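Biologist: Thanks for sitting down with me. Please take me through this one, starting with the strands and moving on to the packing.

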Amino acid sequence: MTAGDLVHLTTAASVQFLRPIVVRVIRELPERHTYDGWVWIEGYQLNAAGDAVARRELYVRRAGVRRHALPAKDRVPVRVG
């Protein structure tokens, strides 16, 4: 995960996400010791409109983190030619 990534967190990432959330990643926190396959991340929790509503530090299972697609309104059109 890198800064700016949007991730979808469900119970696959941790049991704390019984209600799934979307987070825009600020950074991973590698200085925190974790179990193998787990990671601390810092990010902004987003609401349904894509607005940041809370800054969070989250402990998640890396294999359970899913990338979240950008909403159509946030995609930058690409001009060719």
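Biologist: How many bridges join strand E2 to E3?

Modeller: This is a predicted model, so local features need pLDDT of at least 70 and side-chain atom pairs count only at pLDDT 80 or more, while totals for chains, interfaces and linings use all residues. Residues are numbered from 1 along each chain as its sequence is written, and side-chain values use heavy atoms, with hydrogens and water left out. Strands here are DSSP runs of E of at least two residues, helices are runs of H or I of at least four, and both are numbered from the N terminus; two strands pair if DSSP finds at least two bridges between them. E2, residues 21–28, runs antiparallel to E3, and the number of bridges joining them is six.

Biologist: Which residue in E3 is the bridge partner of Arg 24?

Modeller: Arg 24 has its bridge partner in E3. That partner is Tyr 44.

Biologist: Over how many bridges do E3 and E4 pair?

Modeller: E3 covers residues 38–46 and pairs with E4 in the antiparallel sense. Val 39 stands opposite Val 60 in E4, and Gly 43 has Arg 56 in E4 as its bridge partner. The two strands form a hairpin with five residues between them, and Gly 50 in the turn has a positive phi of about 90 degrees. The number of bridges between E3 and E4 is nine.

Biologist: Which strands stand at the edges of the sheet?

Modeller: The five strands make an open sheet with antiparallel pairing, in the order E4-E3-E2-E1-E5. Two strands, 52–61 and 66–67, have a single partner strand each, so one side of each is left without a neighbour in the sheet. These edge strands are E4 and E5.

Biologist: What pattern does the chain follow along the sequence?

Modeller: The secondary structure comes to zero helices and five strands. Read along the sequence, the pattern is β-β-β-β-β.

Biologist: Which residue has its charged end over the ring of Trp 40?

Modeller: A charge sits over a ring if NZ of Lys or CZ of Arg is within 6 Å of the ring centre and within 35 degrees of the ring normal. Here the charged end is 4.7 Å from the centre of the Trp 40 ring, and it belongs to Arg 32.

Biologist: Is Glu 42 buried or exposed?

Modeller: Buried means under 20% relative accessible area and exposed over 50%, with partly exposed in between (1.4 Å probe, protein chains only). Glu 42 lies in E3, and its contacts (heavy atoms within 4.5 Å), not counting residues up to four places away in sequence, include Val 25, Leu 29 and Arg 56. At a relative accessible area of 6%, Glu 42 is buried.

Biologist: What percentage of the residues in the chain is buried?

Modeller: The chain has 81 residues. The buried ones make up 27%.
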